[in-house]
Amino acid sequence: MLKTRRRFLAAALWAVAGNAAAHTPYGQWVVYRQKHLLIGAHRGDARTYEQAKAVVAALEVELPAAAARVARGPHPQRIASLMGTGQLNVAVLPEAEAAAMVEGSAPFENYRPTPLTRLAALNDGYTLFAAEGLPPDHGWLIVQALDHSGIARAPRPDAITLHPGAAAYWRGDPKP
């Protein structure tokens, strides 16, 4: 019995220590987000990941100071949650999914509507979206870099408004 109890305690301590070592403290996540431009994608649609990697590759060449990285969530609802709470500013999404996020309709009915703005159209019906709080000059620089790389174009008019910085860039206005 004593031997069984020791094994149980050892296993419990190992599990707790393993989880503690693998967990990133919240404060470090904040610092990481400040140092890197995170481009959201999700496992529910593998093409979002491929598109996000292309965006990151273009930004590495055109805007290396952004230190862009892909942040891949398990499903689109996690992206909606992160963007709605200001923890993620940019994401690659299919048009229909972004519209559902903005409206708060299925499969996002358990989330508040997520205010998004368009930055640029990508390939195959995907668009680069920004959360409400992305500064106009950041949006302008991101769009300029993607346009120079040839992977982005001006998004078509739609119910989701164009980001102010992206709108300025696509009109040919100087950086805000």
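The model is predicted, so local features need pLDDT of at least 70 and side-chain atom pairs count only at pLDDT 80 or more, while totals for chains, interfaces and linings use all residues. Residues are numbered from 1 along each chain as its sequence is written, and side-chain values use heavy atoms, with hydrogens and water left out.

**The sheet and its helices**

Helices (H or I, at least four residues) and strands (E, at least two) are DSSP runs, numbered from the N terminus. Five strands form an open sheet in the order E2-E1-E3-E5-E4, with mixed pairing, where two strands pair if DSSP finds at least two bridges between them. Strand E2 (69-73) and E4 are the edge strands, each pairing on one side only, and the twist averages 35 degrees from one strand to the next. In general, strands of a sheet pair through backbone hydrogen bonds, either parallel or antiparallel. E3 and E5 pair in the antiparallel sense over five bridges, and Pro-94 has Tyr-126 in E5 as its bridge partner.

| Helix | Lies across | Angle |
|---|---|---|
| H3 | E1, E2, E3 and E5 | about 165 degrees to E1 |
| H6 | E3, E4 and E5 | about 20 degrees to E4 |

**The cores**

A nonpolar core is a set of buried Ala, Val, Leu, Ile, Met, Phe, Trp, Tyr and Cys residues joined through side-chain atoms within 4.5 Å; buried means under 20% relative accessible area, exposed over 50%, and partly exposed in between (1.4 Å probe, protein chains only). The largest nonpolar core has 28 residues, of which Ile-39, Leu-119 and Leu-128 touch the most other members. Apart from this core lies another, of 16 residues, including Ile-79 and Ile-160. In H7, Gly-165, Ala-166, Ala-167, Ala-168 and Tyr-169 are buried, and the buried residues of H7 pack against E4 and H6.

**Two residues**

Arg-118 is found in strand E4 (residues 116-121), and this arginine counts as buried because its relative accessibility is 2%. The side chains of Arg-118 and Glu-95 are joined by a polar contact of 2.8 Å, a polar contact being a pair of N or O atoms within 3.5 Å; within protein, one must be able to donate a hydrogen and the other to accept it, and residues adjacent in sequence count only if both atoms are side-chain atoms. Gly-44, in the loop between E1 and H3, counts as exposed because its relative accessibility is 58%.

Technical notes: Contact means heavy atoms within 4.5 Å. Axes are lines fitted to C-alpha atoms, for helices over the stretch in contact, and angles run from 0 to 180 degrees between N-to-C directions.
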